[in-house]
Amino acid sequence: MNNVTEKVRNSGEKLYEITNATGNVSATFKKEDGSTKHDITVELFKNGKSLASAKNSTPFGIASINYKI
């Protein structure tokens, strides 16, 4: 999956499955509003175990991870 990107929108909890990932996995999400009430969170799991996570509650904040599998 080298350099594969997917744009997503909307709020709420979402799960995006990456099958057979190897090498570096990165994910970046940006809030599209000025709220500070709710975090935007990105988390990478493998076999039910959290490997990396990031969150941001600032207006228009960005949450980003990069992890070598």
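Thr41 stands opposite Lys55 in strand S3. The model is predicted: local features need pLDDT of at least 70, side-chain atom pairs count only at pLDDT 80 or more, and totals for chains, interfaces and linings use all residues. Residues are numbered from 1 along each chain as its sequence is written, and side-chain values use heavy atoms, with hydrogens and water left out.

**The S2-S3 hairpin**
- Strands S2 (residues 40-46) and S3 (residues 49-56) run antiparallel and are joined by seven bridges. Strands pair if DSSP finds at least two bridges between them.
- Two residues lie between S2 and S3 in this hairpin.
- Asn47 sits in the turn and has a positive phi of about 55 degrees.

**Fold and extent**
- The protein chain has four strands and zero helices. Both are DSSP runs, numbered from the N terminus: helices are H or I with at least four residues, strands E with at least two.
- The order from the N terminus is β-β-β-β.
- The C-alpha trace spans about 35 × 25 × 20 Å along its principal axes.

**Packing and surface**
- Of the 69 residues, 17% count as buried, meaning under 20% relative accessible area with a 1.4 Å probe, protein chains only.
- Among contacts (heavy atoms within 4.5 Å) with a separation of 6 or more, 39% come from residues 24 or more positions apart.
- The accessible surface of the protein chain is about 6,000 Å², and carbon and sulfur atoms hold 45% of that surface. The areas come from the Shrake-Rupley method with a 1.4 Å probe.

**Charge**
- The chain carries 10 positive and 7 negative charges, and their mean positions are 4 Å apart.
- Lys and Arg count as positive, Asp and Glu as negative; His and the chain ends are not counted.
- Each charge is placed at NZ of Lys, CZ of Arg, CG of Asp or CD of Glu.

Technical notes
Buried means under 20% relative accessible area, exposed over 50%, partly exposed in between (1.4 Å probe, protein chains only).
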